Amino acid sequence: MATMVEMPPAAPGPTGTNGLPNPQAGEYPSGLPSVNDELMAELTHDELKAAFRIFDDTGEGFIRVLTFRNILKEIDEEFTDEELDGIISDIDADGSGTIDFDEFCKIMT
């Protein structure tokens with residue numbers, strides 16, 4: 001014998017083409033936090049060191065600004081030189097032309 005189940009009412013508000021409510025500002029389509037937010041919140045000191053070593057390919061204990069600039073350009077080719085300068089000046093707080101581990105940790109967390 002089949003059992004009848006009553007479906008809950010539809011969610012209020014506009015719906016997308018998939019019949020689900022459209023996400024509101026600040027919401028993620030899945031309703032879950034961003035994967036990047038979760039990953040960054042859970043990075044351990046050792047994981048940050050390992051990530052830093054990937055970019056510090058010469059083992060000098062810092063990442064050259066030019067290297068980091070190229071990394072950012074690979075991530076998003078549409079960065080303008082002015083945007084890159086602004087990002088790097090925020091990251092390279094001491095103006096040394098290099099990004100040390102502490103500066104790296106600040107941008108990764």
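In what pattern do helices and strands follow one another when the protein chain is read along the sequence?

## Overall layout

The model discussed here is predicted. Read along the sequence, its protein chain has the pattern α-α-β-α-α-β-α. That pattern comprises five helices and two strands. The protein chain has 109 residues, of which 21% count as buried.

Asp56 sits in the loop that runs between helix H2 (45-55) and strand S1 (62-64). Asp56 is buried but takes part in no salt bridge. The nearest side chain of opposite charge belongs to Arg53, at 7.1 Å. A salt bridge requires a side-chain nitrogen of Lys or Arg within 4 Å of a carboxyl oxygen of Asp or Glu. What Asp56 does have is a polar contact to the backbone: its side chain reaches the backbone nitrogen of Glu60 at 3.0 Å.

Glu60, contacted through its backbone by Asp56, uses its own side chain in a salt bridge with Arg64. The closest N and O atoms of Glu60 and Arg64 are 3.2 Å apart. Glu60 counts as partly exposed because its relative accessibility is 39%. Arg64 has a relative accessibility of 43%, so Arg64 also counts as partly exposed.

How many salt bridges does a search of the whole structure find? The search finds three. Besides the Glu60 and Arg64 pair, there is a salt bridge between Arg69 and Asp81, with the closest N and O atoms 3.6 Å apart. Arg69 lies in helix H3 and Asp81 in helix H4 (residues 81-91), so this pair ties together parts of the chain that are 12 residues apart in sequence. Asp81 is partly exposed because its relative accessible area is 48%.

Arg69 also meets Asp85 in a salt bridge, at 2.9 Å from N to O. This pair links distant parts of the chain, with Arg69 in helix H3 and Asp85 in helix H4, 16 residues apart. Through shared partners, the salt bridges join Arg69, Asp81 and Asp85 into one network. Asp85 counts as partly exposed because its relative accessibility is 43%.

Which residues form a negative surface patch? The patch consists of Glu74, Asp76, Glu77, Glu78, Glu82 and Glu83. Glu74 is placed in helix H3 (residues 65-75), and its relative accessibility of 68% is why it counts as exposed.

Asp76 lies in the loop between H3 and H4. A polar atom of the Asp76 side chain lies 2.9 Å from the backbone nitrogen of Glu78. Asp76 and Glu78 are thus in polar contact as well as being members of the patch.

Asp92 is placed in the loop between H4 and strand S2 (98-100). Is Asp92 buried or exposed? Asp92 is buried, and it has no salt bridge. The nearest side chain of opposite charge is that of Arg69, 10 Å away.

The Asp92 side chain has two backbone nitrogens within reach: that of Ser96 at 3.2 Å and that of Gly97 at 2.7 Å.

Where is helix H5 capped? Asp100 caps the N-terminal end of H5, with a side-chain oxygen 3.1 Å from the backbone nitrogen of Asp102. Helix H5 spans residues 101-108, and its buried residues are Phe101, Glu103, Phe104, Cys105 and Met108.

Phe104, one of these buried residues, is 55 residues from Lys49 in sequence. In space, the C-alpha atoms of Lys49 and Phe104 are 9.4 Å apart. Lys49 belongs to helix H2. Lys49 counts as partly exposed because its relative accessibility is 31%, whereas Phe104 is buried.

Notes. Residues are numbered from 1 along each chain as its sequence is written. This is a predicted model: local features need pLDDT of at least 70, side-chain atom pairs count only at pLDDT 80 or more; totals for chains, interfaces and linings use all residues. Side-chain values use heavy atoms; hydrogens and water are left out. Patches are made of residues with over 30% relative accessible area and no salt bridge: like charges are joined within 9 Å, nonpolar side chains (Val, Leu, Ile, Met, Phe, Trp, Tyr) within 5 Å. Accessible areas come from the Shrake-Rupley method with a 1.4 Å probe; for residues, only the protein chains shown count as cover. Lys and Arg count as positive and Asp and Glu as negative; His and the chain ends are not counted. The place of a charge is taken as NZ of Lys, CZ of Arg, CG of Asp or CD of Glu. Helices (H or I, at least four residues) and strands (E, at least two) are DSSP runs, numbered from the N terminus. Buried means under 20% relative accessible area, exposed over 50%, partly exposed in between (1.4 Å probe, protein chains only). A polar contact is a pair of N or O atoms within 3.5 Å; within protein, one must be able to donate a hydrogen and the other to accept it, and residues adjacent in sequence count only if both atoms are side-chain atoms.
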